[in-house]
Amino acid sequence: MKNHTVAGHLLCLFTIAVWGTTFISTKILLVHFEPVEILFIRFLLGLLALFLARPKLLRGTTFRQELTFAGAGLCGICLYYLLENIALTYTLASNVSIIVSVAPFFTAILCRLFLKEESLHASFFIGFVVAIAGICLMNFNGGGWQFNPIGDLLSLLAAFVWGIYSVLIKKISTYGYHTVLVTRRIFFYGTLFMIPPLFLFGFRLDLSRFVDPISLGNLLYLGFIASALCFATWNLAVNYLGPIKTSAYIYLTPVVTIVMSALILHEPITIFTILGALLTLAGLFLSESRSLRKACKKPQKFHRKQRHPMIK
């Protein structure tokens, strides 16, 4: 329906606006915390926030559904962020941001292969090329790019894993459970899968690090807003728009990061940054053009039985 389409786009914009700032918070926290520690604390706080938001338990699930929840937690919570953070230790952050931004392409291909319900149009692929060109331009500093096979491959794998997560979320949306309960179950599995890497990559039980108000504030922001709230809004957006249209908004993440880095960290913005941002926005518009045109049309009449599965 028209209202769901508009709401889906607004949810995507809000989510990406927040996710684009997480790099800054993480960069501040890396002074006192290891990357895997930040991830574990972030999603543990998110799990707590989701439980407080809706203490009701998710009951009546089947074993097959639980496997889908576990797969989403493994891919979207554990593997994606671990692969991204490990890639940052091998290659440049600009390389990671560019390569991870191809996630919408993997999402589109996987949805076509496994869901067979979302058709691919030329406007999506044209928008993809334009957006990636814009992201490359934003990360161009005049000296070219440096490549590292291991780091770049890990980044590509992270993008692929996010595509799997998007497909699983679309499948989960058909179960009809409440978004908060679904997100909480996914967080539970994702946090559970993160425990073994926690000890492999150096976990320290040093509570003195939480005394610093800046560190504590950034952890709370990452846990409550960027994780608990934004994963719920993202999952709901996937229900409304589908995984392909929703994933296209990932193109905007580097734009938000660069703008906020300039405002908060006082990092410089060049002419390449401005042109790249404009190209990225143009690519997003092209990818979403069919969806936006549909949203502007008159809504068709629906029978009362055709309610969205997440609306109770």
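**α9.** I looked up how enclosed helix α9 is: 12 of its 15 residues are buried, so the rest of the structure largely encloses it. Buried here is under 20% relative accessible area, with exposed over 50% and partly exposed in between (1.4 Å probe, protein chains only). Helices are DSSP runs of H or I, at least four residues, numbered from the N terminus.

This is a predicted model, where local features need pLDDT of at least 70 and side-chain atom pairs count only at pLDDT 80 or more, while totals for chains, interfaces and linings use all residues. I number residues from 1 along each chain as its sequence is written, and side-chain values use heavy atoms, with hydrogens and water left out.

Among the buried residues of α9 I noted Arg184, Arg185, Ile186 and Phe187. The cover over them includes α3 (35-53), α4 (63-88), α8 (149-173), α10 (195-200) and α11 (213-241).

I checked the length of α9 (residues 179-193) too: at 1.5 Å a residue it should span 21 Å, and its end C-alpha atoms are 21 Å apart, which agrees. The expected span is 1.5 Å times one less than the number of residues.

**Core.** Of its 87 residues, Phe69, Trp162, Tyr165, Ile186 and Phe231 touch the most other members. α11 gives the most to this core, 12 residues.

I followed Trp162: leaving aside residues up to four places away in sequence, its contacts include Trp19, Tyr80, Phe231 and Trp234. Contact means heavy atoms within 4.5 Å.

Key
Helices (H or I, at least four residues) and strands (E, at least two) are DSSP runs, numbered from the N terminus. A nonpolar core is a set of buried Ala, Val, Leu, Ile, Met, Phe, Trp, Tyr and Cys residues joined through side-chain atoms within 4.5 Å.
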